Amino acid sequence: MRAYRRLLADVVVHWPRLLAAGLCAGVLAATTAGYAWLVKYWLDDALIAGNLTMLVLISLAIPAVALVKSVSSYGESYLLRHVGNSIVCVLRERLYGHLLALPVGYYATQRIGGLMSRFTNDINVIQSLVTVGFIDLMQHGLTLVVLLGYVFYLNWKLALLAVIVLPVSYILLVRVLHRLKRLSTVMQEQLAGLTAMLQESLVGLRVIKAFAKEEFAREEFRQQNARVFTAYMRLVRLMEFVPPVIEVAGALGFALVVWYGGRQVLIDKAMSPGELFSFLVACGLLYGPVKRLSTVGSQLQPVMAAADRIFAILDQPTEMQMDRGRIELTRVERGIEFERVSFRYEPDSPPALQEVSLRIGAGELVALVGSSGSGKSTIVNLIARFYEPSSGRVLLDGHDLRDVRLTALRRLIGIVSQETILFQDTVRNNIAFGRADLPLEAVIEAAKAAYAHNFITALSRGYDTVIGERGLTLSGGERQRLAIARAFLINPPILILDEATSALDYESEAIVQQALNDLIKGRTTLVVAHRLSTVQQADRILVLEGGRIVEEGAHEPLLRQNGVYRRLYDRQFRDDESESLLGAAPAEESSRHG
Ligand SMILES: Nc1ncnc2c1ncn2[C@@H]1O[C@H](COP(=O)(O)OP(=O)(O)OP(=O)(O)O)[C@@H](O)[C@H]1O
Ligand SMILES: [Mg+2]
């Protein structure tokens, strides 16, 4: 019911068009009843009375009525489709904006394809109603009212007999409609599962192929597809149940009218044959709207289910809504500080960070090392305020991050991470990233600083080359250099490099490292790296293990401590040696991490 009211709120803002459509529908209803009305005069005044002029007049009236009816029908459909389309358009925009504004944590619990399904499948369902359903509702609703008025005006007793079956069948249908909504929800969920599967397979296509798992993927898809099929058929069985019920009920009503109306004409002489015939025609015309309206009733259920699913997302609080921060920081003077920060991703999951305290002074370069899962990326997530600490505080220039306005905070931070996301757009736009007004010279300068200019100019269309989906046409190192160029352009006072070079071979790493060294200058920088060679130049190295900082210091002293850092370093050294022996073949994932 709530979804229904919320959708309605979007509908009523279009009241001028709705009003105009209502007028058209009114004309349409009147002309439909006009047919039945003409029948009475045709039979009584023209045929039975033998009036030829009347016959001609009525014959002329029929196409005239049809013309008016068609024009108003066109007008109504056009107007209502316009309204329906606008509503869906606004809904889509709102949903997209909301998805952008949701916190990162939300996506950890959602399948991307499932969310995409809300955009396609659920919105389509809503669109089908707000266009077709609206038209039916308004047009047939009004026609129904007018025709009912007409038959009651002709003979109310007979009319009562004709419609007595309607409430009975409606009571039957209400129970059906209830179940329909539940089945629709199941159906949309299964469809979302299918979309999610499709999206994940397409993104991971190379993995599927590399492991020769096409058969497995196809089987999984087949099963999910079968579930969609079953859910749909269950829905259909119930949905298609509605028109036959109406049909039988209608026939019963009709039979009553034929019998009792016939007696009224033959025995009681209360009606003329023309009136009875006109009554029957009106009843026949009534049948269409009643049937359509009952279908709209059952169509409404999937729509409400879809609307519920969309509103469920829209009701998720966005980052901005949750942001209580009011401080507008524009630069960094003292740096970042963690005060006994503990953090869990989920209330019942083990802590990812435990009582971590650290300082990164303004302009300082601090490196973070530690084995896989030790919490390095978590620290990055907390600095960017993708998540908030479970206890303790993260401070920027002495302000609790929660008190800093989120947009202001994010503007201060540039993150270059291992996975570079490029968009299907030109190289230039990928570097400028949302700032189309930026002159090409600035983009080129940034690209040069990131050692990317040379490979960009070697591309087929230089800076105007469109990068394929997910950056397929560029190598890992090239993509990372684009990401670095991006960071150069933003020119953020705080820079976070989360394994920015870990995907690279030594040669590209050397180039990217050079670019990074230039980027780091004069900024407050946190470097996360597996490759210890990249962290040796740091002012300070923090060693993380099991969510705690276990060692801290410069490279040499840390080595002499013979602790965790030494162990990481020795392991790394062995790996590097074996890697170079194998011609820089990628080491096993686990050994590189461990
Ligand atoms: N979104 C998440 N939800 C729940 N747990 C998470 C999430 N992200 C990370 N974790 C868990 O938190 C712990 C720390 O993860 P984190 O990503 O910080 O490790 P890391 O040091 O960056 O590791 P790596 O070197 O492999 O990137 C791990 O045990 C991980 O399983
Ligand atoms: Mg990580």
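How many salt bridges does the count give between domain 1 and domain 2? Hello everyone, let's work towards that together. A few ground rules come before the tour. This is a predicted model, where local features need pLDDT of at least 70, side-chain atom pairs count only at pLDDT 80 or more, and totals for chains, interfaces and linings use all residues. Residues are numbered from 1 along each chain as its sequence is written, chains are lettered from A and ligands numbered from 1 in the order in which they are written, and side-chain values use heavy atoms, leaving out hydrogens and water.

Let's start with the layout. Domain 1 covers 2-320 and domain 2 covers 335-593, with bounds from an automatic or database domain assignment. Their C-alpha centres lie 55 Å apart.

Now to the place where they touch. On the domain 1 side, 8 residues are in contact with 9 residues of domain 2, contact being heavy atoms within 4.5 Å. The buried area is about 590 Å², and carbon and sulfur atoms give 65% of that; the term refers to accessible area (1.4 Å probe) that two parts lose on being put together, summed over both. In domain 1, V104, E319 and M320 lose the most area to domain 2, together 58% of what that side buries.

Back to my opening question: the count is 1 salt bridge. Its partners are the side chains of E319 and R410, at 2.7 Å, N to O. The rule here is a side-chain nitrogen of Lys or Arg within 4 Å of a carboxyl oxygen of Asp or Glu.

Which helices each supply at least two residues of the domain 1 side? They are α4 (104-108) and α12 (319-322), where helices are DSSP runs (H or I, at least four residues) numbered from the N terminus. The largest share, 3 residues, comes from α4.

Finally, please look at ligand 1. There are 14 residues around ligand 1, and S372, G373, K376, S377 and T378 come nearest; a residue counts as near if one of its heavy atoms lies within 4 Å. A backbone N or O atom of G373 is 2.8 Å from a ligand oxygen atom. For S374, a polar backbone atom lies 3.3 Å from an oxygen atom of ligand 1. T378 uses its side chain, with an N or O atom 2.4 Å from a ligand oxygen.

Methods
A polar contact is a pair of N or O atoms within 3.5 Å; within protein, one must be able to donate a hydrogen and the other to accept it, and residues adjacent in sequence count only if both atoms are side-chain atoms.
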